[in-house]
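Please keep the sequence and the structure in view while reading.

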Amino acid sequence: AQELSEKELLKMEVEQLKKEVKNPRVLISKTGKEIKDYVEAEAGNDPLLKGVPEDKNPFKEKGGCVIS
């Protein structure tokens, strides 16, 4: 971006803003509730919350190391 002139940078910024203004906007009060409801509904399936059974854990250690 350093080799672009200020005019070219501003033109790129204007083009980006034209794209962004077309995005549909929704109030955070609505989307926040939807996200909260989704997270609560899926909490039972979240392995970070309920853990992974040892027999299905692909990252469990295969063996130990003993130093004597």
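K18 has a relative accessibility of 46%, so it is classed as partly exposed. The model is a predicted one. E15 is also classed as partly exposed, because its relative accessibility is 37%.

The side chains of K18 and E15 form a salt bridge, with 3.8 Å from N to O. That value falls inside the cut-off, which asks for a Lys or Arg side-chain nitrogen within 4 Å of a carboxyl oxygen of Asp or Glu. Both residues belong to helix α1, which covers residues 6-21. K18 and E15 are three residues apart there, about one turn of the helix.

## Charged pairs in helix α2

Side chains of opposite charge can pair when their charged atoms come close. In helix α2 (residues 28-42), K33 and D37 are four residues apart, about one turn of the helix. These two residues form a salt bridge in which the closest N and O atoms are 2.8 Å apart. Is K33 buried or exposed? K33 counts as exposed because its relative accessibility is 53%, and the cut-off for exposed is over 50%. D37, at 32%, counts as partly exposed.

E40 and K36 make another salt bridge, with an N to O distance of 3.6 Å. E40 and K36 are four residues apart in helix α2, so about one helical turn separates them. By the rule applied here, the protein has four salt bridges in total, including K18 with E15, K33 with D37 and E40 with K36.

## A nonpolar patch and the loop

Which residues make the nonpolar surface patch? The patch consists of L4, L9 and M12, and its area is about 250 Å². Of these residues, L9 is located in helix α1. L9 has a relative accessibility of 37% and therefore counts as partly exposed; residues in a patch need over 30%.

V26 sits in the loop that lies between α1 and α2. With a relative accessible area of 48%, V26 is partly exposed. V26 and P53 are 27 residues apart in sequence, and their C-alpha atoms are 39 Å apart in space.

## Overall form

How many helices and strands does the protein have? There are three helices and zero strands, and the order along the sequence is α-α-α.

The radius of gyration of the protein is 25 Å, whereas a compact globule of 68 residues would have one near 11 Å. Along the principal axes, the C-alpha trace spans about 70 × 40 × 15 Å.

## Surface and charge

Buried residues account for 0% of the 68 residues; the cut-off for buried is under 20% relative accessible area.

The protein carries 13 positive and 14 negative charges. The mean position of the positive charges and that of the negative charges are 5 Å apart.

Methods: Residues numbered from 1 in each chain as written. Predicted model: local features only at pLDDT ≥ 70, side-chain atom pairs only at ≥ 80, totals over all residues. Heavy atoms only, no water. Helix = DSSP H or I, 4+ residues; strand = E, 2+ residues; numbered from the N terminus. Buried < 20%, exposed > 50% of the residue type's maximum accessible area, 1.4 Å probe, protein only. Patch = residues over 30% accessible without salt bridge, like charges linked within 9 Å, V, L, I, M, F, W, Y side chains within 5 Å. Areas by Shrake-Rupley, 256 points an atom, 1.4 Å probe, with all protein chains shown as cover. Rg over C-alpha atoms; globule rule 2.2 N^0.38 Å. Lys, Arg positive; Asp, Glu negative; His and termini not counted. Charge placed at Lys NZ, Arg CZ, Asp CG, Glu CD.
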